[in-house]
Amino acid sequence: MRIYLNEKEYVFDETNLTINDLLKKLNMSCMGVVAEVDGDVFNSKNFSNATIKDGSKIELIRIVGGG
Amino acid sequence: MDDLLIIAGRTFKSRLLMGTGKFPSVQSLRDSITASKVEIVTVALRRIDINNTDDGIISAIDRNVQLLLPNTSGARDAEEAVRLAKIARAAGCGNWIKMEVTPEPRYMLPDPVETLKAAEILVIQGFIVLPYMNADPILAKRLEDAGCSAVMPLGSPIGSNRGIKTIDSIKIIIEQSNLPVVVDAGLGAPSDASLAMEIGADAVLINTAIATSGNPAKMAQAFADGIRAGRLAYLAGLPEKTFTANASSPVTGISH
């Protein structure tokens, strides 16, 4: 399937993934990460319920310094 | 008796709110928090850099001591501000939000219409809303009516270090507001912060002037001291200004 992560295109062989799976594939920790999947917001506790489908638009967001 | 800042029922000893952007290192942010004894720190939300996922500034913040105040920076309209507030809440930042809507990048002035619209939505959704706003007394009242928990009028454009160019309007806001008034943006020196406190502001928010100074921790302490001095002067009551001289020494018994 083809997804759009932070506006970049990624292609995976799998047809079903969750945000949890995606982070594992990208070798990323879920610490401090928030995911938005097609407009729905998920915190890290719910990443295993956040399903991604072909064409999903995903934003992975974190806290940074700011004023 | 302690002179405490109260916002939305929560009390703070420090009247300095500090932004966490632009610090040269996480350690210098940590040192600045320690030196200033700040109790409210603002943070932003941004896309993850997939190639660099270290936890960054969060390790510098002790959430038992400092309230995390996420902002909605980057939002260009109410819809984007509401989205960022929801993401902040999901990120575990709690329900306090420094709400800012700045559609144009050159001066980054807040859009008053979208700011009010976003404030109304976020208050209904249970957020404690502290809106960044133009120094407009009428807008301050509208935001108060909308259920905001403080107002944050700007002194001058964000990060400009130009000081309080909006002083007369801020004085009116302070006179008329039933909410804490936090002067935000553009304060470039401890004297600017002191002035804000002297005219009766409840607190100030500083980021750039501390983070980009030669020694952020020292500057953070300087701002904290400036704020304390200005607050004490306000509580003491500044004397009237006169155009002519008024002798400080006795005017009788002068030996010529």
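Of the contacts in chain A with a separation of 6 or more, what percentage is accounted for by residues 24 or more positions apart? The share is 54%. Keep in mind that this is a predicted model.

**Stop 1: chain A.** Select chain A and colour by secondary structure. Along the sequence they come in the order β-β-β-α-β-β-β-β. The radius of gyration is 12 Å, close to the 11 Å that the globule rule gives for 67 residues, so chain A is as compact as a globular protein of that length. Its C-alpha trace spans about 40 × 20 × 20 Å along the principal axes. Buried residues make up 30% of the 67 residues.

**Stop 2: the interface.** Now show both chains. Here 28 residues of chain B are in contact with 21 residues of chain A. On the chain B side, select β4 (40–47) and α2 (78–90), the elements that give two or more residues. The most come from β4(B), with 6 residues. By class, this side of chain B has 12 nonpolar, 11 polar and 5 charged residues.

**Stop 3: the strand pair.** Select β7 of chain A, residues 57–65, together with β4(B). The two strands run antiparallel and are joined by 5 bridges. Zoom in on I61(A): opposite stands R47(B), in β4(B).

**Stop 4: the core.** Select V182(B) and V204(B). In the largest nonpolar core, which has 97 residues, these two touch the most other members. The largest share of this core, 8 residues, is from α2(B). Finish on V182(B). Leaving out residues up to four places away in sequence, V182(B) touches residues including L17(B), L130(B), A150(B), M152(B) and V204(B).

Terms used
Residues numbered from 1 in each chain as written. Chains lettered and ligands numbered in written order. Predicted model: local features only at pLDDT ≥ 70, side-chain atom pairs only at ≥ 80, totals over all residues. Contact = placed C-beta atoms within 7 Å. Helix = DSSP H or I, 4+ residues; strand = E, 2+ residues; numbered from the N terminus. Nonpolar A, V, L, I, M, F, W, Y, C, P; charged D, E, K, R; others polar. Pairing = 2+ DSSP bridges. Core = buried A, V, L, I, M, F, W, Y, C linked by C-beta atoms within 7 Å. Buried ≥ 20, exposed ≤ 12 C-beta atoms within 10 Å, placed from the backbone. Rg over C-alpha atoms; globule rule 2.2 N^0.38 Å.
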